[in-house]
Amino acid sequence: MKPRRIPRSFFMRSSVTTIARELLGKVIVSGIDDVRTAGIITETEAYAGVGDRASHAHGGRRTERTEVMYARGGTVYVYLCYGIHHLFNVVTNKEDVPHAVLVRGIVPIAGLDRMKERRGGRMTTDGPGTAAQALGIHVRHSGSDLIDGPIRIEDHGHQVPDADIKVGPRIGVDYAGDDAALPYRFWVGRPDALLSR
DNA sequence: CAGCAGATTGACT
DNA sequence: GTCAATCTGCTGC
């Protein structure tokens, strides 16, 4: 199938969990350092804005870092975690509603040599920090546009059967009280099978 | 302003 | 299993 760019309307929808689930199987393409690298999304987490205690925007919090979460859907939000890892998020919903989807894992499909180089020789891309690093994503890309910017999301026709989609609580959000148990994490059961679909 | 915890990772005991 | 790396932002003195 010919790659098709995901339109802004996909990201502007109001259900962040639906978007997180539908992003599985889609392809992140980054044109950074004059090299094209790409990977199929295999794991995501939804962060549901002001009412979600696990979200950086909980309670309407606005800081220099989180300001881009309030942009319209289809904007890139990247933040530094533990002072080291650049975590890639997709902002969703309309302007001023700070929903976002964290991409936690990818299967590389283009620019593998460059990705491995960025990873210091390692090829694993199954964590939020490692996936972003392989794609060359940096906090300087926070605020860029997914439709026109250096980082885009496309549909390459990779099929993910419902039976192969797993759902569970988010990782590392124990501090979020009851919200820590919400089933907002989505992942592909057999990621390698994506390559042949 | 000091202290601490965090949407993590990888090296080392 | 333990722990350091090291930036952002919150809490409390």
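Modeller: Two strands pair if DSSP finds at least two bridges between them. Strands are DSSP runs (E, at least two residues), numbered from the N terminus. This is a predicted model, in which local features need pLDDT of at least 70 and side-chain atom pairs count only at pLDDT 80 or more, while totals for chains, interfaces and linings use all residues. Residues are numbered from 1 along each chain as its sequence is written, chains are lettered from A and ligands numbered from 1 in the order in which they are written, and side-chain values use heavy atoms, with hydrogens and water left out.

Biologist: Which residue in E3 is the bridge partner of Gly31?

Modeller: E2 also pairs with strand E3 (residues 35-47), again antiparallel, over 6 bridges. The two form a hairpin with 2 residues between them, and Asp33 in the turn has a positive phi of about 60°. The bridge partner of Gly31 is Arg36.

Biologist: How many residues of E2 are buried?

Modeller: Buried means under 20% relative accessible area (1.4 Å probe, protein chains only). E2 is largely enclosed by the rest of the structure, because the buried residues among its 6 number 5.

Biologist: Which residue in the hairpin of E4 and E5 takes a positive phi?

Modeller: Strand E4 (residues 76-81) is joined to E5 by 6 antiparallel bridges, and Val78 stands opposite Phe88. E5 spans residues 85-92 and is mostly covered, with 7 of its 8 residues buried. The hairpin has 3 residues between the strands, and the positive phi, near 55°, belongs to Tyr82.

Biologist: Which residue in E6 stands opposite Val90?

Modeller: E5 pairs with strand E6 (residues 99-110) over 4 antiparallel bridges. In their hairpin, with 6 residues between the strands, Asn93 takes a positive phi near 70°. Opposite Val90 stands Val101.

Biologist: How far does a backbone N or O atom of Tyr82 lie from a base oxygen of DNA strand C?

Modeller: The residues around DNA strand C (a heavy atom within 4 Å) include Arg61, Thr63, Arg65 and Tyr82. Of the atoms of DNA strand C that come within 4 Å of the protein, 69% are sugar and phosphate. A polar side-chain atom of Thr63 lies 2.7 Å from a phosphate oxygen, and a backbone N or O atom of Arg65 lies 2.7 Å from a phosphate oxygen. From a backbone N or O atom of Tyr82 to a base oxygen, the distance is 3.0 Å.

Definitions and conventions:
A polar contact is a pair of N or O atoms within 3.5 Å; within protein, one must be able to donate a hydrogen and the other to accept it, and residues adjacent in sequence count only if both atoms are side-chain atoms. Buried means under 20% relative accessible area, exposed over 50%, partly exposed in between (1.4 Å probe, protein chains only).
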